[in-house]
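Please look over the sequence and the model shown below before reading on.

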Amino acid sequence: MGNCSPSPRRRRPSPAGSPPSHSSTASGGASGGGGGGGGTTVSPYALARSPSVSVSVDPEADAERGGVVRVYGSDGCPVAWRLRVALLYKAAAPVHFTPSEAAPLGRPVLRLSAADPELCGAADELLRHVDARFEGKPRVAPPDRPPSARASLAAAAAEEVAEMVRLQHRSAERHLEGVAAKLAEMVKKGAKKAGKGRNVAVEGAEVRRLGKWYGDAMEVMLEHARMEERVLFPDIQRASFPGVCDKVQEQHGKHLPMMNGIKEDIKTLLTLELGSALFYEVLVNLSVRLKALQDHTKEHFKEEEKDMLPRLESVRRMQREEGNVPDKSNSGWASEAMGTMEMTHSKLFPFFMTGLMPQEAVQYLDLVCRCTKNTRHLVSMLRSLAERLEDANPLIIHNNPTRLYEHLLVKSP
């Protein structure tokens, strides 16, 4: 996490060179306080896009929790952004963010309530304080890794890559599930309105959003498949497991025509008269084809996780024996794999993350923060995620990722 991850330490507020203190009352949190600036009010549990934003949803609840959580730090610090995203997933209290270059050495400062001291330290340490202060899921701090867990570098590196692959599978599965559910809803609506006047504007917007949703899911799935073929399969083949890769690559080849066919069907819908018999027929056929892709994809991921992922430790051990591991850290292999997924980890990162449940999302964030060497790129990823989630209801974030994405998609310009 770069220069923003010093040794953990606790500091007391001081009159100079530190963020200003604030009143412990809920109304003080809502107004922004001495260091709050504008004091703009936004949606529940929102994080700040603007230089200073305070949120007060329920003053009585705020007072009971000890007021808002305050984060002070540089706008270019990945630890500050990670704290903001983690608190958003935690949805434990309103959050007030103040960009502050006055924080010691540019490190972020966290204040969990008006009654708590200011904390400054490494990302993991600050996240553990968040977990201790706000109990419940998700746990935002990475699990402790005892020394015995580091006994096998090959095993640690393999597990990191396996976790990355599994989480990418879960995101893709849920987005396909969401598109399929939306299609089924449109088919049902069309059947009810048969022979009646249709709201063409609404249906046209629905089709366009459906195409956007499916197109983004397809991009993530294709980039995931290319990552496996470029980074994982060659070494798995050399480790005397050729049959596994042959089967997986054959399935990749079968899925591509199905995915392209569905994409073309969605384009066809946009050219048809909305509400016509032909439009409804293509819609029904599209729903059937997408359900088939969803079933095949789920089975494919299941086979990969059963047959391929358990072999990664042997593959990594072979790489070390051959001297083909330039990065001696455990995260080198996962970093290489993530580096091939440029679209997923840039333009589509918020989309990808909305396919994960909160606990899965913070696990993937931990992987991203450990494996992304470019600090500016990491900040961009975290910022884009915070800006997409800041207006979402925490209940949607916690309970239904596909509902969350549809909610954000409808609100997009």
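In this predicted model, Ala 91 counts as buried, because its relative accessibility is 17% and the cut-off for burial is under 20%. Ala 91 is found in the loop between α3 and β5, the latter spanning residues 95–99. Although Ala 91 and Ile 397 are 306 residues apart in sequence, their C-alpha atoms are 9.1 Å apart in space.

Phe 134 lies in the loop between α4 and α5, and at 7% relative accessibility Phe 134 counts as buried. Phe 134 and Lys 90 are 44 residues apart in sequence, while the distance between them, C-alpha to C-alpha, is 8.0 Å.

Asp 391 gives a further loop position, found between α13 (375–389) and α14. With a relative accessibility of 34%, Asp 391 counts as partly exposed, because that class lies between the limits of 20% and 50%. Asp 391 and His 407 are separated by 16 residues in sequence and by 9.9 Å in space, taken from C-alpha to C-alpha.

The C-alpha atoms of Ile 396 and His 407 are separated by 8.7 Å, and the two residues are 11 residues apart along the chain. If neighbours within four places in sequence are left aside, Ile 396 is in contact with Arg 403, Leu 404 and His 407. At 15% relative accessibility, Ile 396 counts as buried.

The C-alpha distances given so far are gathered in this table.

| Residue pair | Separation in sequence | C-alpha distance |
|---|---|---|
| Ala 91 and Ile 397 | 306 residues | 9.1 Å |
| Phe 134 and Lys 90 | 44 residues | 8.0 Å |
| Asp 391 and His 407 | 16 residues | 9.9 Å |
| Ile 396 and His 407 | 11 residues | 8.7 Å |

Is Arg 174, with its charged side chain, buried or exposed? Its relative accessible area is 19%, and Arg 174 is therefore buried, since the cut-off is under 20%. Arg 174 lies in helix α5, which runs over residues 153–192. Not counting residues up to four places away in sequence, Arg 174 touches Gly 355, Leu 356, Met 357, Glu 360, Pro 401 and Thr 402.

Helix α3 (residues 78–90) and helix α4 (residues 123–133) pack at an angle of about 25°, and their axes are 10 Å apart. The two helices, α3 and α4, are therefore roughly parallel to each other, because angles under 35 degrees are placed in that class. The crossing of α3 and α4 is right-handed. On the side of α3 the contact is made by Val 79, Arg 82, Leu 83, Ala 86, Leu 87 and Lys 90, and on the side of α4 by Ala 123, Asp 124, Leu 126, Leu 127, Val 130 and Asp 131. Sorted by class, this contact of α3 with α4 has 8 nonpolar, no polar and 4 charged residues.

Another pair is formed by helix α10 (residues 332–339) and helix α12 (residues 358–371), which pack at an angle of about 100° with their axes 9 Å apart. Helices α10 and α12 are therefore roughly perpendicular to each other, because that class covers angles from 65 to 115 degrees. The contact is made by Ala 334, Ser 335 and Met 338 of α10, together with Tyr 364, Leu 367, Val 368 and Cys 371 of α12. By class, the contact of α10 with α12 has 6 nonpolar, 1 polar and no charged residues.

Cys 369 is buried, with a relative accessible area of 5%, and Cys 371, at 5% relative accessibility, counts as buried.

Finally, some values describe the whole chain. Its secondary structure comes to 15 helices and 7 strands, and of its 413 residues, 52% count as buried. Among the contacts in the chain with a separation of 6 or more, 75% are accounted for by residues 24 or more positions apart.

Definitions and conventions: Residues are numbered from 1 along each chain as its sequence is written. This is a predicted model: local features need pLDDT of at least 70, side-chain atom pairs count only at pLDDT 80 or more; totals for chains, interfaces and linings use all residues. Side-chain values use heavy atoms; hydrogens and water are left out. Axes are lines fitted to C-alpha atoms, for helices over the stretch in contact, and angles run from 0 to 180 degrees between N-to-C directions. Helices (H or I, at least four residues) and strands (E, at least two) are DSSP runs, numbered from the N terminus. Angles under 35 degrees count as roughly parallel, over 145 as roughly antiparallel, 65 to 115 as roughly perpendicular and the rest as oblique. A crossing is left-handed if the near helix is turned anticlockwise from the far one by less than a right angle, and right-handed if clockwise. Contact means heavy atoms within 4.5 Å. Ala, Val, Leu, Ile, Met, Phe, Trp, Tyr, Cys and Pro count as nonpolar, Asp, Glu, Lys and Arg as charged, and the others, Gly among them, as polar. Buried means under 20% relative accessible area, exposed over 50%, partly exposed in between (1.4 Å probe, protein chains only).
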